[in-house]
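Here are some quick notes to go with the model. Have it open while you read.

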Amino acid sequence: MAMVQHRVRIAALGKYLPPDVVTTQDLEDRWGTPARRVIRVTGVEERRFETTKTSAQMAAAAARNALNNAGMRQSEIDVLIGASAIPQQVLPCMSALIQRELGEPEGAFCFDVDATCLSFMAALHVGALLICSGEANRILICSSEKASQSLNPKEWESAGLFGDGAAAAILTRSPDGDSSVIEGCSFETHASGSHLATALGGGTFRHPNDPQTKREDNLFHMDGPGILRFAADRYDRFLASFLQQSGRKVSDYDFVVPHQASRSALQLLTSRYGFREDQIVRILAHRGNCVAASIPLALAEAVESGQIRRGHRILMTGTAAGLSLGALEMVY
């Protein structure tokens with residue numbers, strides 16, 4: 001738990017959405033997934049699938065959008081953090097591939113932070129530490145996901161839940177007199193739940209060159225009900241501890257920007273944890289679960305629409321494969 005204030009601000013946000021809109025009825029026509037049941041269980045009516053751009057190209061498009069919104073040049077960025085759960089390739093790191101897509105000038109140090117669905121929040125925390133220590137001045141954080149390539153049509157609940165998208169944020173030091181601040185964050189991992197969401201292939205365990213590796217090993221597997229039960233039992237104590245140490249009540253937050261995990265997960269925020277419906281930023285129905293891009297994409301769209309403005313106190317929170325829990329409080 002870290003409740004130390006970091007005088008940093010998100011100077012600008014950017015996003016990229018694939019042009020290809022895929023409705024849940026389209027999935028029924030394509031894969032035979034039951035459209036009405038998918039909508040009822042997941043809450044996803046449509047999502048975007050990327051068919052031409054690579055993950056790094058998606059991230060670069062979001063990064064250019066963020067740079068334009070900030071009125072900055074790429075040469076002003078000194079650190080680029082990749083914050084995606086699904087890499088474009090094993091080597092090099094995703095952030096280096098993003099820098100290559102952005103083109104000249106090069107030089108900003110590139111590295112990745114992977115906490116699956118909580119990667120953006122973890123990257124914000126790491127970036128804040130770098131800026132406050134004087135190691136960096138302007139950090140570009142990119143989350144880009146092409147979940148559509150790893151979906152298993154035989155598992156209709158997860159196949160109907162996920163979508164593609166990318167988002168980027170530029171993190172800088174807060175100028176004098178600016179109210180923007182990261183006020184605290186907390187992360188926990190309970191690895192006894194690591195079997196509940198997996199993609200076994202691509203690494204040394206189920207290596208592509210191993211003749212025993214099956215095609216299914218390269219697809220995403222998730223026990224949705226199991227994750228919900230496992231996470232909910234631990235999130236009660238996690239959130240209570242976070243609020244106690246921050247000295248906040250749920251009503252103190254102007255907005256909650258949650259990981260868009262599923263309809264059931266979002267409903268727990270109001271039915272179990274006491275947040276008001278008008279506090280919750282929701283994009284699940286039309287974006288799907290965009291994995292690590294989920295939280296920054298929801299934040300970018302809320303800022304773009306004017307829902308979230310400077311001075312608003314926001315809580316980013318969610319769960320991730322691992323199984324991890326996270327919360328980050330900031331004044332935007």
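1. Ser 148 first: leaving aside neighbours within four places in sequence, its contacts (heavy atoms within 4.5 Å) are Phe 49, Glu 50 and Asp 164. Bear in mind that this is a predicted model, where local features need pLDDT of at least 70 and side-chain atom pairs pLDDT 80 or more, while totals for chains, interfaces and linings use all residues. Numbering runs from 1 along each chain as its sequence is written, and side-chain values use heavy atoms, with hydrogens and water left out.

2. With Asp 164, the side chains of the two residues make a polar contact at 2.6 Å (a pair of N or O atoms within 3.5 Å, one able to donate a hydrogen and the other to accept it; residues adjacent in sequence count only if both atoms are side-chain atoms).

3. Ser 148 sits in the loop between strand E6 (138-145) and helix H6 (156-159) (DSSP runs numbered from the N terminus: helices are H or I with at least four residues, strands E with at least two). Its relative accessibility is 15%, so Ser 148 counts as buried (under 20%; exposed is over 50%, partly exposed in between, with a 1.4 Å probe and protein chains only).

4. Now the sheet: five strands, open, in the order E1-E7-E6-E4-E5, with mixed pairing (strands pair if DSSP finds at least two bridges between them). E1 (8-16) and E5 (109-112) are at the edges with a single partner strand each, so one side of each lacks a neighbour in the sheet.

5. E4 (residues 79-82) pairs with E5 in the parallel sense, over four bridges. Gly 82 has Asp 112 in E5 as its bridge partner.
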